[in-house]
Each structure stands twice: as structure tokens, then as C-alpha cells.
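Q: Please take a close look at one part of this model. Show me which of its residues face in, which face out, and what lies around it.

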Amino acid sequence: MDEKLSIRINVADRFYPLKIDRTQEEVIRKAAKMINEKVLQYKQRYKDKDTQDFLAMASLQYVIKVIEAENKTDVSPVLEEVKAMEQSLREFLDKE
């Protein structure tokens with residue numbers, strides 16, 4: 001049985017205890033680092049906002065990237081076109 005690893009992750013100057021699979025540690029730490037870097041960029045750019053605003057903007061930016069990546073890997077439009085072409089080809093061959 002895989003034992004869970006207990007770690008503490010710092011996100012925007014708050015620590016969060018997590019129990020994770022050992023194989024996920026590097027990804028989780030990298031994600032936290034990326035969030036912290038983005039929050040720091042916003043802090044340096046906008047002095048009159050609070051950390052919640054920076055976290056919201058960082059979240060929005062990263063989720064937009066996830067959605068764009070999902071859209072790039074969506075093969076369903078291509079699959080539908082291939083099916084339509086296959087149907088046309090079958091109809092053509094059936095006529096011959």
C-alpha cells in the first residue's frame with residue numbers, strides 16, 4: 001500500500017498541510033512556486049490591492065491557460081470530420 005507523504009506548502013504567505021502521493025510532490029511544489037511568483041508580480045505592479053486580489057488574478061490566468069490547452073488537444077472536431085469523410089467515401093464506393 002502506498003503511504004502518503006505529509007508536506008507543508010506555502011501559497012501567498014500561508015502554509016497548507018497536505019497529504020499527497022510521493023509521486024506528486026514535485027508537481028505540487030512547482031505549482032505553489034508558480035502561484036507565488038505570479039502573486040509577487042502582481043504585488044510589485046499593484047500596490048493598492050490585497051493578496052486575495054492577487055490570488056484571484058493568478059488563478060484566473062492559470063485556469064485560462066488550462067482551458068486553452070484543453071481546447072488545443074480536443075480532437076472531437078477532427079474526429080467528426082473524419083467520420084463525415086468516411087461516410088462520404090462509403091457512399092461513393094457503394095455506388096461503384
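Predicted model: local features only at pLDDT ≥ 70, side-chain atom pairs only at ≥ 80, totals over all residues.

A: H2 runs over residues 51–72, which makes 22 residues. At 1.5 Å a residue, such a helix should span 32 Å. Its end C-alpha atoms lie 32 Å apart, so expectation and model agree.

Now turn to the inside. Phe54, Ala58 and Tyr62 are the buried residues of H2. Around the axis they take up an arc of only 55°, so they sit on the same side of the helix.

What covers the buried side? Helix H1, residues 25–45, is part of the cover. From the H1 end, the buried residues of H1 pack against H2 and also against strand E1, residues 5–11.

Ala32, Lys38, Val39 and Tyr42 are its buried residues. Seen down the axis of H1, they fall within an arc of 130°, so they line one face of the helix. Note that a lysine, Lys38, is on that buried list. Two other lysines of H1, Lys30 and Lys33, are exposed on the other side. Glu26, Gln44 and Arg45 are exposed on that side too.

Tyr42 is worth a stop. Its relative accessible area is 11%; buried means under 20%, so Tyr42 counts as buried. Tyr46 has 38%, which lies between 20% and 50%, so it is partly exposed. These two residues also meet in another way. Searching the whole structure turns up one aromatic pair. It joins Tyr42 and Tyr46: their ring centres are 6.3 Å apart and the planes meet at 25°, so the pair is stacked.

Ile7 lies in E1. With a relative accessibility of 7%, Ile7 counts as buried. Beyond its neighbours within four places in sequence, Ile7 is in contact with Tyr16, Pro17, Leu18, Ile20, Glu25, Ile28 and Arg29. Take Glu25 from that set: it is 18 residues from Ile7 in sequence, and their C-alpha atoms are 8.3 Å apart.

Last, the setting. The chain has three helices and two strands. Along the sequence they come in the order β-β-α-α-α. The radius of gyration is 23 Å, whereas a compact globule of 96 residues would have one near 12 Å. Along the principal axes, the C-alpha atoms fill a box of roughly 70 × 45 × 15 Å. Of the 96 residues, 14% are buried. Among contacts with a separation of 6 or more, 20% link residues 24 or more positions apart. The accessible surface comes to about 8,500 Å², and 55% of it belongs to carbon and sulfur atoms.

Definitions and conventions:
Residues numbered from 1 in each chain as written. Heavy atoms only, no water. Helix = DSSP H or I, 4+ residues; strand = E, 2+ residues; numbered from the N terminus. Expected span 1.5 Å × (residues − 1). Buried < 20%, exposed > 50% of the residue type's maximum accessible area, 1.4 Å probe, protein only. Arc of directions from axis to C-beta. Contact = heavy atoms within 4.5 Å. Phe/Tyr/Trp six-rings, centres within 6.5 Å; stacked < 30°, edge-to-face > 60°. Rg over C-alpha atoms; globule rule 2.2 N^0.38 Å. Areas by Shrake-Rupley, 256 points an atom, 1.4 Å probe, with all protein chains shown as cover.
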